[in-house]
Amino acid sequence: MKWIERLITLFSLVLLVSATSFAGGFLFRELRIAPTQEVLTLKSQLGQWRRTGLWGDEDEFPRTNLAPVATPVRVVNPEAFHPGYRVVTGADPVFGYSVRLIDETGSIAHVWPLKEEITPRTHGLVALPDGSLVLVTSGGPTGDSGTIARVDACGDRIWQNHGQYHHQVHLSDDGSLWTWFSPAHHNGHFQSMVQVDPTTGAVLRDLSLNDVASASRRNALILRIPDGFDFRHRASLPSDIAADIWHPNDVEPLPAEMADAFENFEAGDLLISLRNIDLVAVIDPETLDIKWWQSGPWSRQHDPDFMADGTIEVYDNATSFGRSSIVTVDPVTGETWRRHPSDSHHWYSKSQGMHARLPNGNSLITVPWEGRVIELDADGELVFEHRFMVSDAQTGRSSNALWLPLGYFETFPSCGDQLHASRR
């Protein structure tokens, strides 16, 4: 019978080791004990490397079900392709990250290679008339680094501010920039809308979202903050207290040329998006009063935009539902509808994303988790597509796209023919 006792002892030991390992792994992950995040990131990177042969940031080369294409740029419907430039940014097999300028013929006219000191992950993008770019990058899921920087046509740094700058960046009427900043972590309790000088990178203004929440009980209620809430840094938070209570991902001012279309807003009022509470709101930057807000019908949204007709368009990620869309809302009546209600062209990005309405009514849409930028006409039909292709069947994440009118550049960006090697 001794062999049975030994077998039971061995079996019990295996069970004990397995239970201890499971419990330890669970606690490490829940309590964010190092090196849990590093191990998870490495696992994701190894999976990407097996699929693509390329090493990149976590989830930089997402899995997609897209059909292979022969070229990274496709003008599907030339008659509906509105004249102007498309500026797209994403993971690049030659430069690691780059920004590409697509001209009115659908050709890659220029490439801004993004240097190591600017990356790892580009998120916000503004193109300036002198051919330079302003970029906001983040450190990915760990949130341990971030930057806002201006680079010239060759991707060389003009100025750079390190710190927790994050998500999108937008130009205001006076030429200044608006973006988000946190003193500690881009997914933390402390968040500010900051105005930045594009010439020097100096911070001109800092509007704390925490101050907005504290300005009135109504504001706090809209922002889901209970009375007496203890704003704390992540390092001091117990594991059962949420750190990412808002996840702000956009802030942009109302242009003066559109202000007359919005009877309840003034030029310079700030349109913001708080992803984790599905909230889109307009804030008076002087009084910090929330003038208007709506939570849904969008889900984990990005990039709300003021429209010239007095409506607001929202990039509805519809995370976990498998199909994203653009939702329009009238801030006066509350009426909402989908921009492209037809089933002609599906697209989905579970996170991130940008969109812009072109003068002819087309929508330029960035779909990061499919690694492409698409342009749809008013009926939802595909007009244009760009992919950062890293192989015949694999795309890299594409994080942003802009439309610019012909003649926008005072000096057309140029940095030698060697940059045009990025053609895949």
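How many aromatic pairs does a search of the whole structure find? In this predicted model, the search returns 13 aromatic pairs.

## An edge-to-face pair between distant parts of the chain

One of these pairs joins Y315 and W347, whose ring centres are 5.2 Å apart and whose planes meet at 65°, so the arrangement is edge-to-face. The two residues lie 32 residues apart and link distant parts of the chain. Y315 belongs to strand 18 (residues 312–316), whereas W347 is in the loop between strand 20 (336–338) and strand 21 (354–357).

Both partners are buried: Y315 has a relative accessibility of 0%, and W347 has a relative accessible area of 4%.

F409 is buried at 10% relative accessible area, while F412 is partly exposed at 37%.

## Charged groups over rings

The charged end of R86 is placed over the ring of F384, 5.9 Å from the ring centre. K350 lies over the face of W369, at 4.5 Å from the centre of that ring.

H82 occupies the loop between strand 1 (73–75) and strand 2 (85–92). Its relative accessibility is 19%, and H82 therefore counts as buried, the cut-off being under 20%. Leaving aside residues up to four places away in sequence, H82 touches L358, P359, N360, N362, E375 and W403.

Note on methods:
Residues are numbered from 1 along each chain as its sequence is written. This is a predicted model: local features need pLDDT of at least 70, side-chain atom pairs count only at pLDDT 80 or more; totals for chains, interfaces and linings use all residues. Side-chain values use heavy atoms; hydrogens and water are left out. Helices (H or I, at least four residues) and strands (E, at least two) are DSSP runs, numbered from the N terminus. Buried means under 20% relative accessible area, exposed over 50%, partly exposed in between (1.4 Å probe, protein chains only). Contact means heavy atoms within 4.5 Å. Rings of Phe, Tyr and Trp (its six-membered ring) pair if their centres lie within 6.5 Å; planes under 30 degrees apart count as stacked, over 60 as edge-to-face and the rest as tilted. A charge sits over a ring if NZ of Lys or CZ of Arg is within 6 Å of the ring centre and within 35 degrees of the ring normal.
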